[in-house]
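Dear colleague,

I am handing over the structure below, and my notes on it follow directly after it. Please read them with the model open beside you.

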Protein chains: 2
Amino acid sequence: MNTEEIVAPCSPRSGAHLALRPLSMERVRITDGHWARWQRDNRTVTAPHAMRWLEQDGVLDNFRRLVDPAVTAERRGWVFCDSDLYKVLEGIGWDLSHGPSEEFGRFVADSVELLERVREDDGYLNTFVQAGLKDRYADLTRGHELYCAGHLIQAGIALARTTGDESLLAIGRRFADHLVAEFGEGRRADTDGHPEIETALVELYRHTGERAYLDLARQLIDVRGHGVIGPGLFGPAYFQDTVPVRDQDTVVGHAVRALYLLCGVVDVYLETGEDALLQAARRQWRSMVGEKTYLTGAVGSRFEGEAFGDRFELPPDLIYGETCASIASLMLSWRLLLATGDGAHADLIERILHNAFAGSTSLGRDGFFYVNPLQRRSPRPPAPAGGKPLRTDAPGTRAEWYDVACCPPNILRTVASLGGYLATSDDRGVQLHLYMPSSVHAEPAAGEVALSVATRYPEDGVVRVTVERTPASPWALSLRVPSWCRQPALTVAGAAVPAERDERGYVVVEREWAEGDVVVLDLPMPARLTAPHPAVDAVRGQVAIERGPVVYCLESVGGALDLDAVEVVVGAELRVERDADLFGGTTVVRAEGRLRDDSAWAGEGWAEVATAPAAAGRPIELTAIPYRLWANRGSSTMRTWIPAART
Amino acid sequence: MNTEEIVAPCSPRSGAHLALRPLSMERVRITDGHWARWQRDNRTVTAPHAMRWLEQDGVLDNFRRLVDPAVTAERRGWVFCDSDLYKVLEGIGWDLSHGPSEEFGRFVADSVELLERVREDDGYLNTFVQAGLKDRYADLTRGHELYCAGHLIQAGIALARTTGDESLLAIGRRFADHLVAEFGEGRRADTDGHPEIETALVELYRHTGERAYLDLARQLIDVRGHGVIGPGLFGPAYFQDTVPVRDQDTVVGHAVRALYLLCGVVDVYLETGEDALLQAARRQWRSMVGEKTYLTGAVGSRFEGEAFGDRFELPPDLIYGETCASIASLMLSWRLLLATGDGAHADLIERILHNAFAGSTSLGRDGFFYVNPLQRRSPRPPAPAGGKPLRTDAPGTRAEWYDVACCPPNILRTVASLGGYLATSDDRGVQLHLYMPSSVHAEPAAGEVALSVATRYPEDGVVRVTVERTPASPWALSLRVPSWCRQPALTVAGAAVPAERDERGYVVVEREWAEGDVVVLDLPMPARLTAPHPAVDAVRGQVAIERGPVVYCLESVGGALDLDAVEVVVGAELRVERDADLFGGTTVVRAEGRLRDDSAWAGEGWAEVATAPAAAGRPIELTAIPYRLWANRGSSTMRTWIPAART
């Protein structure tokens with residue numbers, strides 16, 4: 001087993017177009033703290049929970065019934081639900097990098113055996129089509145056949161990289177060969193309605209060296225935007241099929257589709273160096289982060305079409321903010337970080353992880369949000385016990401599973417592979433992007449480096465990096481200074497040095513190192529108030545409470561406090577306090593607030609400015625909790641943006 | 001023909017529970033001006049356009065194919081599309097109060113003949129069920145069988161009232177008898193997913209005196225709210241089936257369903273006097289107008305489920321604001337006005353008519369909006385020529401028709417019956433609610449009264465009422481003073497008198513009248529700035545320009561002016577000007593504004609308050625047009641609420 005291959009999703013074959021090189025998952029370990037606990041729970045709670053739901057939902061029976069006459073069930077679930085199995089397999093695959101598991105090994109072996117029997121001789125595999133419910137490739141707009149193939153390939157890649165077992169990958173590769181035969185070299189001019197196959201094919205190229213996969217990935221990117229799909233229910237923009245990707249300036253349409261596509265676009269760039277692809281992806285990313293991303297990192301404002309909205313269309317209450325879209329934004333940002341080295345991409349990854357992503361999952365790790373609002377105006381019915389609501393129901397608490405079950409397995413695979421996103425290296429040295437207790441091994445030009453990172457981040461901002469092993473010649477340690485941090489402080493081997501950000505957002509310490517050298521980066525984390533871009537109408541006149549990378553919110557369990565009437569006093573002190581009882585210990589922020597009395601607004605919901613009722617209300621103390629923790633105490637109201645009451 | 005019967009929708013049988021009595025449509029005529037022109041266009045353009053679409057869409061063939069072997073087409077369209085025909089017939093019915101029409105007469109006769117052949121022996125009539133696509137009443141949740149029956153009955157009522165021809169009503173009545181046999185006296189405990197039958201059955205009771213119809217209407221209201229429907233795709237609240245109507249405090253779920261139901265509720269109150277029904281409807285109406293109604297009168301903030309949102313959830317861009325919901329709100333408000341005499345209901349009717357409703361229809365009267373936003377951030381593709389978009393597409397210009405075609409015929413029937421909403425009488429006198437050039441005949445206790453109203457309203461606010469005929473004994477003329485008007489002035493027979501609003505919002509002049517007496521009510525109409533309720537987060541810090549009952553908007557055809565960056569200076573002069581060239585002559589409002597320069601906001605769409613870029617920009621002059629006229633010059637951006645730049 002070649003440990004260099006155990007790299008999280010996105011492992012470029014050539015380093016030619018990489019600003020930064022990803023590190024093997026063997027070489028980066030999350031050793032303690034919140035995320036290490038989540039990785040353990042991911043293995044012991046989330047993965048078994050997902051495996052049970054695959055059974056309960058009939059996903060596995062959909063395969064079995066095709067080869068086992070004893071399974072007489074009708075095919076169940078959505079056209080794309082084969083991918084539920086593949087994403088769980090991928091999650092298990094990445095998880096196996098943390099150590100063997102008999103249960104997972106058996107599940108993988110059983111799945112491989114089943115899939116091997118179900119697949120057709122030419123490599124094709126899809127339970128919906130094989131059940132006779134549709135013809136092959138007869139409905140690329142909605143059929144998700146290539147989408148499912150992509151997830152199958154990614155699952156195979158994960159297992160091959162972490163365990164060396166290529167049996168699942170072989171099934172995916174056969175399917176890929178079939179796709180090349182069917183679509184490759186321009187044999188078809190259309191493509192799947194849901195991108196995903198593109199990034200998977202590039203990964204398969206990376207693993208196998210087979211150029212046809214890369215060529216097909218590029219072809220499927222090239223045809224898109226020329227009106228080859230649809231129109232479907234929401235029109236061609238939903239499918240990113242109105243503007244060719246190289247000409248597009250912003251993210252449009254179904255958010256997950258848009259971002260999976262861009263992952264494939266950057267993947268093709270990383271292998272081919274075609275600059276137009278990188279520039280298109282960067283333009284779209286910049287538009288996304290500046291004009292179409294929520295403070296929590298969530299994206300996709302519209303329920304209708306699960307889509308990106310217009311520029312600055314960012315309502316906190318009517319948001320869709322699909323969990324999978326947050327994950328896709330993270331995946332894209334990671335690829336752009338590798339391609340450019342620009343810490344802005346890591347800033348967004350951190351924002352997503354600590355907020356939108358962390359908030360998607362219950363503290364028990366067996367409940368999930370599909371829709372991730374920044375404001376909940378009235379307590380909704382809690383998720384049904386043992387049930388799977390429609391995604392559009394947006395229940396008041398996290399649900400065990402969903403009718404469309406894309407998000408929970410996506411969370412599973414992301415947590416399992418999280419170590420892959422912490423650090424990188426280049427010839428000059430090592431870069432730390434995300435701060436967690438961890439161990440990092442890398443090999444810059446100078447030689448083998450080992451680091452250990454100790455930190456309570458984001459409880460506080462002190463990051464202590466110990467050089468455990470170093471070559472004699474100098475190399476550079478780069479530490480990201482998040483965009484929110486105003487006054488970082490740095491000590492190197494006990495001596496304070498200026499903590500100056502370079503143009504990429506990192507402090508870089510280049511020197512001859514000795515084993516045992518300690519670098520301490522202190523990122524002071526006073527609570528702060530954040531304003532939205534002035535064009536975001538939906539939260540104008542409101543501010544958010546943040547501390548470090550953590551977005552805070554006000555929550556009222558059961559809705560007892562009228563959060564529609566709450567304001568926060570701008571300019572007053574924000575007190576950071578530890579509440580030892582809340583969620584087993586949480587840092588809260590207390591703020592001076594006001595509770596408006598709107599009773600003078602009887603009748604109509606508007607009034608002439610000149611004669612409108614004067615503001616009235618009384619002071620209250622507000623307690624803000626980390627956004628990620630909301631809705632863990634039952635159905636509640638919540639708001640992240642709070643109207644500003646100026647002193 | 002009994003002219004007393006030619007009353008617009010809602011003609012209570014007994015006056016016992018009426019605060020105000022509606023007037024026969026024979027007795028109220030819109031004689032000139034904008035609305036009279038629209039009524040003419042409604043007859044010459046909209047009605048023929050609708051009849052063509054009924055043919056083109058296969059709505060008529062759906063009936064023909066059941067009785068004519070030569071029509072071999074498959075049944076087409078939605079499960080509820082029989083109601084398209086019924087609503088067009090109802091519109092034609094009300095229109096025939098304005099004079100005979102050979103074309104309409106033929107269409108009605110042909111339709112009656114067809115329906116008479118299609119209906120089953122027991123009175124049942126539904127092309128979806130009769131086509132064998134579903135069993136009778138097997139799917140009340142989605143089937144719309146009673147909904148369609150309701151519209152059939154309403155069409156019959158309209159034709160009977162205006163022409164005396166009861167042939168269509170007879171078909172509706174047979175269906176109603178069948179419903180009584182099937183559902184009445186508690187024979188079934190469930191009801192239709194879409195309210196409509198309730199108000200129709202009460203109207204049928206009014207016309208026939210048959211108590212069983214009223215009893216069934218009340219039964220169908222009573223069972224609702226007890227979980228007898230659904231759950232359907234959006235849960236029971238969508239169907240108003242979680243809380244019994246007498247216990248409900250606010251409007252919830254699908255907006256048209258919620259409001260059609262309440263129309264039936266007030267209708268039952270008006271016949272029975274059950275106070276709990278009136279109070280429930282008033283509570284829900286008050287919540288709607290104070291917390292869930294847009295400035296234009298539109299309601300229903302959510303695309304998802306076409307539904308009312310939470311209190312204060314009123315995003316101007318992601319609004320649904322279905323045209324039919326505006327109409328339903330108008331219908332409910334009219335019933336409450338009759339029941340209570342409270343001018344607040346008439347205020348809302350006026351707001352809806354001049355804004356949400358007027359804006360739903362193109363100036364050519366053959367294009368329609370289904371979705372009625374208060375802000376459009378980017379120009380959308382125009383509606384396809386000759387095509388019918390999905391309602392959810394929300395095209396950039398008004399479409400000829402829709403895949404779900406409920407709105408255009410609803411507009412048709414509302415314009416045709418508009419005269420019914422202008423005036424009422426009671427024993428004491430006559431009340432004028434809406435100001436249009438019109439003639440009004442009424443019979444208060446004192447005797448026969450005739451009035452003529454001359455006005456350019458809302459171009460200006462001068463309303464000149466001439467008493468054309470009067471009894472000798474005194475009676476009271478009540479003129480509504482809209483809630484927006486701060487300083488009304490009144491002259492009676494040349495003498496200025498104090499224009500004091502009574503508790504219902506009217507100035508009341510009670511005296512002995514002479515023929516030729518003139519009352520002039522002057523409602524000064526400076527342009528004004530309006531603020532939203534402080535809890536409406538989506539437009540906090542924004543103001544709207546209004547003048548009289550007219551809501552204004554900024555529009556940029558093609559999106560050339562960046563409306564995301566525009567602000568209006570609060571406190572500066574608003575100039576009212578006539579633009580003779582615009583739309584053939586329109587009153588615009590010019591305001592001092594600023595065009596923000598947000599270029600310092602590079603990167604992320606948020607910033608720490610303490611270090612956020614300072615506001616920058618330059619002065620511009622803003623020209624606001626009446627909201628109702630937007631999107632008549634091609635696809636555009638538009639905003640009604642404008643960020644306030646304080647001087």
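In this predicted model, about 5100 Å² is buried between chain A and chain B, and carbon and sulfur atoms give 54% of that area. The contact involves 59 residues of chain A and 59 residues of chain B. Across this interface there are six salt bridges, and there are also 22 residue pairs in polar contact, counting pairs in which both residues have a pLDDT of 80 or more. The elements of chain A that give two or more residues to the side touching chain B are the helices H12 (275-291) and H14 (343-359), together with the strands E14 (527-532), E15 (542-547) and E20 (606-608). Of the elements on that side of chain A, E14(A) gives the most, with five residues. Sorted by class, the side of chain A that touches chain B has 24 nonpolar, 21 charged and 14 polar residues.

The axes of helix H13 (residues 323-340) of chain A and helix H15 (residues 407-416) of chain A come within 9 Å and cross at roughly 35 degrees, and the crossing of H13(A) with H15(A) is left-handed. From H13(A), the residues that take part are Thr323(A), Cys324(A), Ile327(A) and Met331(A), and these meet Cys407(A), Asn410(A), Ile411(A), Arg413(A) and Thr414(A) in H15(A). The residues of this contact between H13(A) and H15(A) comprise five nonpolar, three polar and one charged.

Lastly, there are some points about the backbone. Most peptide bonds are trans, and most residues other than glycine have a negative phi. Against that background, the peptide bond from Tyr457(A) to Pro458(A) is cis, with omega near 5 degrees, and Pro458(A) is found in the loop between strand E7 (449-455) and strand E8 (462-469) of chain A. In chain B, a cis peptide bond joins Tyr457(B) and Pro458(B), with omega about 5 degrees, and Pro458(B) is found in the loop between strand E7 (449-455) and strand E8 (462-469) of chain B. Glu306(A), although it is not a glycine, has a positive phi of about 45 degrees, and this residue is found in the loop between H12 and H13 of chain A.

With best wishes

Conventions
Residues numbered from 1 in each chain as written. Chains lettered and ligands numbered in written order. Predicted model: local features only at pLDDT ≥ 70, side-chain atom pairs only at ≥ 80, totals over all residues. Heavy atoms only, no water. Axes fitted to C-alpha atoms, helices over the stretch in contact; angles between N-to-C directions. Helix = DSSP H or I, 4+ residues; strand = E, 2+ residues; numbered from the N terminus. Left-handed = near helix turned anticlockwise from the far one by under 90°. Contact = heavy atoms within 4.5 Å. Nonpolar A, V, L, I, M, F, W, Y, C, P; charged D, E, K, R; others polar. Buried area = accessible area lost by both parts, 1.4 Å probe. Salt bridge = Lys/Arg side-chain N within 4 Å of Asp/Glu carboxyl O. Polar contact = N/O pair within 3.5 Å; in protein donor to acceptor, adjacent residues only side chain to side chain.
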